[in-house]
Amino acid sequence: MIVRPYEFMIARRFLVKGKLQTLIILTGIAFGVSVQFFLLSLIGGLQDDLIERTVGASPHIIVLPADVIPVQTWKPEKEIRETREPAITEKQEILSWQNYFQYLKNLSEIKAVSPIVEGQGFISKGDASYSIIVKGIDQAEGAKIYNLEKNLIFGRLDLTGNSILLSKTTAEKLQLTTGSRLFIQNQKGNGDLFVITGIFDLGSAAANSVVFTSLERARSFFRLNGISSIEAKVKKIFEAEKIATSIGREFNRIKIDSWQSRNRELLTALRSQSMSSSIIQILVVISISLAIAAVLGISAIQKSRQLGILKAMGVDNRGAALIFLLQGLILGFLGSVLGILIGYGMAYAFVQGRGMVTFDLKITWFNLISPVLIAILASALASLIPARRASKLSPIEVIRYG
Amino acid sequence: MDEIIVARNLTKRFGEVVQFEVLHGIDLSFTRQEFTAVIGPSGSGKTTLLHILSLLEPPSSGELFIEGIDFSKGDINTYARFRNQNFGFIFQFHYLLPEFTALENVLLPYWIGEGRPSPELKERATDLMTKLKILHIKNKYPHEISGGEQQRVAIARALFKNPKIVFADEPTGNLDRENGFLVLELMTEMIREMGVTLIMVTHDRDIAIRADKIIELVDGQICKAFRVKDTGKEKALELINNHSCRIE
């Protein structure tokens, strides 16, 4: 659609000369865009932070041995009614794990993958005994999965020999530090002596009940031939479930878990949060569009006389409509530029002046561009009503009746 | 004679449920470069006739040719460009756009038809405004100038693009008599000088007598049509002052 010079010139002049109306619409669009931008950045930042806290220092995909349901060994006299009790499962080890490990290692979507040997352990000190999880990992890959480089607060990342990494919580509880020796027993009562080389903090209590050691050391500690599981981290966090499903299709004797399937509640909460923010955005867009339509609509009625004479002088229906459509577009564009500036200011003030907030706003191109595009589109749509009116106006109506 | 507008059996009806006819089969023609005054009592259909001739309103039936082009049928929207390129309009009310200065108002038809005017064209517009004695208000907005000045700006706007035909509907109706005559004199003089065809609707017989040709409309029909130079001025005055439709 070619815009002729006069259409733009008249649209601009109508806006400049209708200062109050222009100001009202601009303010409306600017606030709408800034609220949308701020909301998107806030919710995005909050969600990223929540996900990072939940799964940042943990595997995204876990390969586990398939659940085994123990075989019934006795026959009941009467038929047992079907029960809804969960099947009794027994933790097994994966013996021929190299297959799965190699498969995962070759996937381009995977960032890190490590075989894992883990089990219950007890640390004894004096009369006290603490229950912990002993986790054997591949040092390099495991460190990537648990962000150990970043989360190490004391000592060094060393898992060779009898070295272990202990969490801050356990270390504080047992008053241990790097270089300390400690005795850990397995479930069967056999124990070994270990040396603490580093202390980490993974954030959550559950994660901090883990003691890291090397894969080989853990295997000898638990007297295992195979491994307990394979843990992997993916490059794009939200694709974990899809990747897990595709791995599951390749193999049938293992069970694949993704972080999403283990955090359904969190995801549901995030989704409803996003939904409520979308609803707020939609309502903001609708109310602003109505305001633009109303104000431009009034302006179209007020300018009937001008339009009538312009049409007599040679403006066609299309030109008359474009004069109003362009006003909408110009307002949408200027309003959203203003809105982004205000929104950015709000975000900046929020980040600067935060008290209890511990996360950053997520400012992305999407968060920046989508409110602008929505505002421009909404303004164009809202100006269709006055544009249609302008297009239909007959010059004679105005000239005859004044 | 060179006829710029030819109309045959033009009728105009208004209303959808109850129809009433305003023009009943009018035949007339307008000669190039002539000043024609259309007179008649109010309600005689003279303004409707002007609107049809200036392609602002379609006739209900009949034929209309302007510059040999058939405009009998069709949507007036499609004639927008033809109006822009060939017509100038002066109405009873000035209809200047309040958002634009006097000079910008004069240039508006050019913007619509051709686009942004060059500095030379702006100079031409100021020349025209000088001739109309409104140069001093060229940068003022319509609400800042007097009625006579407003109407002279409207005249400059109608003439700026050298139209073939200027349609004027009671162009001095909103001015006091003295001012009205002044504006009218200036306007007719300029239009004659430029060789533009002028069709003016008026109920003022003193104005009509200045025309080359006078058409009197009564009840939607042509009552009289004559050239002043054929009858002589005195006879013409006598003709327009009596209400008989016979020319003896």
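**A glycine loop, helix packing and a chain interface**

A:Gly161 counts as partly exposed, because 13 C-beta neighbours lie inside 10 Å; a residue is buried with 20 or more other C-beta atoms within 10 Å of its own, exposed with 12 or fewer, and partly exposed in between, the C-beta atoms being placed from the backbone. The model is predicted: local features require pLDDT of at least 70 and side-chain atom pairs count only at pLDDT 80 or more, whereas totals for chains, interfaces and linings use all residues. Residues are numbered from 1 along each chain as its sequence is written, while chains are lettered from A and ligands numbered from 1 in the order in which they are written.

A:Gly161 belongs to the loop that links strand E4 (152-155) to strand E5 (163-167) of chain A; helices (H or I, at least four residues) and strands (E, at least two) are DSSP runs numbered from the N terminus. Its C-alpha atom is separated by 8.7 Å from that of A:Thr213, which lies 52 residues apart along the chain. Another loop of chain A, between helix H6 (168-174) and strand E6 (181-186), holds A:Gln175. Although A:Gln175 is not a glycine, its phi is positive, at about 50 degrees. With 8 C-beta neighbours inside 10 Å, A:Gln175 is classed as exposed.

In chain B, B:Leu55 also has a positive phi, of about 60 degrees, without being a glycine. This residue sits in the loop between helix H1 (46-53) and strand E4 (61-66) of chain B. B:Leu55 is buried, with 22 other C-beta atoms within 10 Å.

Beyond its neighbours within four places in sequence, A:Ile323 is in contact with A:Glu7, A:Ile10, A:Ala11, A:Phe14 and A:Ala390, contact being defined by C-beta atoms, placed from the backbone, within 7 Å. The axes of helix H1 (residues 5-17) of chain A and H12(A) come within 8 Å and cross at roughly 55 degrees; axes are lines fitted to C-alpha atoms, for helices over the stretch in contact, and angles run from 0 to 180 degrees between N-to-C directions. H1(A) and H12(A) are therefore oblique to each other, since angles under 35 degrees count as roughly parallel, over 145 as roughly antiparallel, 65 to 115 as roughly perpendicular and the rest as oblique.

H12(A) also packs against helix H13 (residues 365-382) of chain A, where the axes come within 8 Å and cross at roughly 155 degrees. The two helices are therefore roughly antiparallel. Their contact involves 13 nonpolar, 6 polar and no charged residues; Ala, Val, Leu, Ile, Met, Phe, Trp, Tyr, Cys and Pro count as nonpolar, Asp, Glu, Lys and Arg as charged, and the others, Gly among them, as polar.

Between the chains, 22 residues of chain B are in contact with 20 residues of chain A. On the chain B side, helix H2 (80-86) and helix H3 (102-113) are the elements that give two or more residues, and H3(B) gives the most, with 5 residues. That side divides into 12 nonpolar, 5 polar and 5 charged residues.

Note on methods: Contact = placed C-beta atoms within 7 Å.
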